[in-house]
Structure formats: structure tokens, C-alpha cells
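Good morning, and thank you for making time for this presentation.

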Amino acid sequence: MSIQWFPGHMYKARKQIEKIIFQVDLIIEVLDARIPYSSENPMIADLRGSKPTIKVLTKSDLADPTVTEQWLSFFEKENNVKARSLSIDTPEYTRQLTDLIRKLLPEKEKSHKTINVMIMGIPNVGKSTLINTLAGKSIAKTGNEPAVTKGQQRINLRNGIMLWDTPGMLWPKVENDNSSYRLATTGAIKDTAMSYDDVAFFAVGFFLELYPDLLVKRYNLDPLPNTEIEFLELVGKKRGCLVSGGHVDYEKISKIILSEFRSGLIGRISLETPPVMLREEKEVALKILKRNEEKALKKESKKRKR
Ligand SMILES: Nc1nc2c(ncn2[C@@H]2O[C@H](COP(=O)(O)OP(=O)(O)O)[C@@H](O)[C@H]2O)c(=O)[nH]1
Ligand SMILES: [Mg+2]
């Protein structure tokens, strides 16, 4: 399955949210702890305005704990933002969110009014899992495949809090190629334009640079090869991923490595840090600026030809 993000769909989702967001008191923005920057929907910051927001970094069991701490303190520097890291195997921490929600809205809490909370995030970050944990039962469908949630859902937690699932689907970063690779590495997007080999090549390059010890341990390689291709070749042979002629079946070994990363078998790995985000944000802004300039130039030269 693949999801394609068309401007029309994106526009529609935005309109749907704009129609109801005035009824919402607080936003829980769900991000994947391994990629808090790339799993962000670019519109949320804009839509939430000054509403209190809790940024929830899910799947923290899979992420590098040191990097997760960096992200939490980074996010808490923003106005009206609290940040927490959670995982499916510590539901008690997830349930503590309800206390935090009440604390952030003391007026509502005092007047015993229902607090409306909207859960927002791109597909596959763990929204349904979070909703189910907060509700104490399985309400929202969860799944390994992206985009399991369809349609609008409102869940009364019966503790003064009403949870709203985001209507429509929120898209991930589309302007940054690195983000696309990271999203594909975690399995958040299955872009048919990207092959397993491409994604694994990117992932292995990253692991080699930042988590070499984890690779040594998982794949019994000492010394570690210097390049992605050598690594895939060696591990492919080790795992018996061969095609006729004794050549390595790159697609097969790529799938294995990605699946081992996604299930945490390689270790706790984060694919980005706050400094990486700040650098790439600048690069993306420059890219867009350049593209707009080129467009303007083209328009200009067309005019002149007429
Ligand atoms: N390892 C791990 N997996 C999780 C966690 N939370 C959710 N998942 C898995 O991630 C996948 C997507 O979760 P889901 O709640 O359906 O995401 P949604 O599309 O945002 O609603 C499912 O396979 C979940 O089991 C977590 O904290 N740790
Ligand atoms: Mg869901």
C-alpha cells in the first residue's frame, strides 16, 4: 500500500480541521520519537496558534534515550508547549497525560467543563495506540500499515476529557528528501517511488556513521565495512540472501535490515536530532526560495517573448 499526498487532499484536510478546531482546548501532537522533525505535519504549528499543546514522542522504546531527552527539552522551549515521551509498554506514563491536560487548563478544570483535546499526527505514529491506552480499551483501530484510521472519531474518556481524532489524514514532510528517507526507514510512508534498496542504503549509511557499535553487535562484523554497499554485501552473504550466480539479493537483505530496525532488533536508534532539524530547515527554506525565484524568472522571460 502506498499513500500519495495530493494538494487537493491536503487542502481538504486543512479545511476540515479549521472547521472544528475552535472547539478544541488543547492539542496533542503525536510524533515518532525516532524522527520528531520528519514526522511532524507542517500545518499543525500554524493551525494550533496559541492553544496549549502537548508534543508526545511515541515509540520511545525504539529511540535513542539520550536523543529523546534532547528533543523534549528542545520542544519545551516553545511557548505553551509541553513534551513527553511515551511507549506502548509503559501505559502508566500515557495515563499521566490526563493530569497534565487538566493542569494546563486550570480554568476549565475549576468550572468542571469538558476539556476537548484533539489528537493530531501523520499516519502510523501511534495515535490509535495512544487513544486506546487513554480510553482503557480498544476503540481505535491500530495497524502496522500506514493510514489505518479513517473518518472522524470522538471519544468521551468519562473523566471530563473528550478526545477528538483528527478528521482526514495529515501528510508528512514532503519538501525534504532526507525526511522522506527517514519516514520510509521507520515504515511511516511506503512510497512506491522508493525501493527497499534505496531506503536501506540510506539507513545503513546513517547507522554506520552514528551507531557503528550496534551494527557490530547485531551482525557480528569486526571490523565494520566502510561503505553501505560493502555492508549490504557482507550481511547479505552472512544471511544467505543470494540469487543465482552467488550474487547478493540486495532487495532481500534490504528488507531484512529495515524490518530489524523497525522492530528494535538493531538497538535504540534515533534518526535525527534538534541540530539536524535546524540545519535542514534552513536548507529547505533556501530550496523553496530558489524554486520560487526560478519560477518568477521563467514567467518574466515568457512575458518578454510575447
Ligand atoms: N514499538 C512500538 N510500537 C508502537 C508504539 N506505539 C504504536 N506502535 C505501533 O505502531 C503502529 C502504528 O500505530 P497506530 O496506533 O495504528 O498509529 P496511527 O496510524 O497513528 O493511529 C502499530 O503497529 C503499533 O503497534 C510504541 O510505543 N512502541
Ligand atoms: Mg490510527
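Predicted model: local features only at pLDDT ≥ 70, side-chain atom pairs only at ≥ 80, totals over all residues.

Helices (H or I, at least four residues) and strands (E, at least two) are DSSP runs, numbered from the N terminus.

Residues are numbered from 1 along each chain as its sequence is written, chains are lettered from A and ligands numbered from 1 in the order in which they are written, and side-chain values use heavy atoms, with hydrogens and water left out.

As to overall layout, the domain assignment gives domain 1 (7-165) and domain 2 (195-262); such bounds come from an automatic or database domain assignment. The C-alpha centres of domain 1 and domain 2 are 35 Å apart.

Two strands pair if DSSP finds at least two bridges between them.

Returning to strand 1, which neighbours does it pair with? Strand 1 runs parallel to strand 2 (residues 53-58), joined by 6 bridges, and is also parallel to strand 4, over 4 bridges. Glu 29 has a bridge partner on either side: Lys 55 in strand 2 and Met 120 in strand 4. Strand 4 in turn is joined to strand 6 by 5 bridges, and these two run parallel. There, Asn 116 stands opposite Met 162 of strand 6.

The side chains of strand 1 fall into two sets. Leu 26, Ile 28, Val 30 and Asp 32 point one way, Ile 27, Glu 29 and Leu 31 point the other way, and all are buried.

Beyond neighbours within four places in sequence, Asp 32 is in contact (heavy atoms within 4.5 Å) with Ser 39, Thr 58, Lys 59, Val 125 and Thr 186. The C-alpha atoms of Asp 32 and Ala 63 are 8.7 Å apart, although 31 residues separate them along the chain.

Next come the helices. Helix 7 (residues 127-135) is mostly covered, with 7 of its 9 residues buried; among them are Leu 130, Ile 131 and Leu 134. What covers these buried residues includes strand 1, strand 4, helix 4 (91-95) and helix 5 (97-104). After helix 7 comes Gly 136, with a positive phi near 75°.

The axes of helix 8 (residues 177-186) and helix 12 come within 8 Å and cross at roughly 80°. Axes are lines fitted to C-alpha atoms, for helices over the stretch in contact, and angles run from 0 to 180 degrees between N-to-C directions. Helix 8 is therefore roughly perpendicular to helix 12, a label that covers 65 to 115 degrees, whereas under 35 is roughly parallel, over 145 roughly antiparallel and the rest oblique. In this contact, Ala 184, Thr 185 and Thr 186 of helix 8 meet Leu 258, Phe 261 and Arg 262 of helix 12.

The axes of helix 11 (residues 228-238) and helix 12 come within 10 Å and cross at roughly 90°. Helix 11 is thus roughly perpendicular to helix 12. Residues of this contact include Phe 231 and Leu 232 from helix 11 and Ile 253 and Ile 257 from helix 12.

Finally, the backbone exceptions. Most residues other than glycine have a negative phi, and most peptide bonds are trans. Asp 222 and Pro 223 are joined by a cis peptide bond, with omega about 5°; Pro 223 lies in the loop between helix 10 (212-219) and helix 11. His 112, in the loop between helix 6 (106-110) and strand 4, has a positive phi near 55° and is exposed at 74% relative accessibility. Asn 124, in the loop between strand 4 and helix 7, has a positive phi of about 75° and is buried, with a relative accessible area of 15%.

How values were computed:
Buried < 20%, exposed > 50% of the residue type's maximum accessible area, 1.4 Å probe, protein only.
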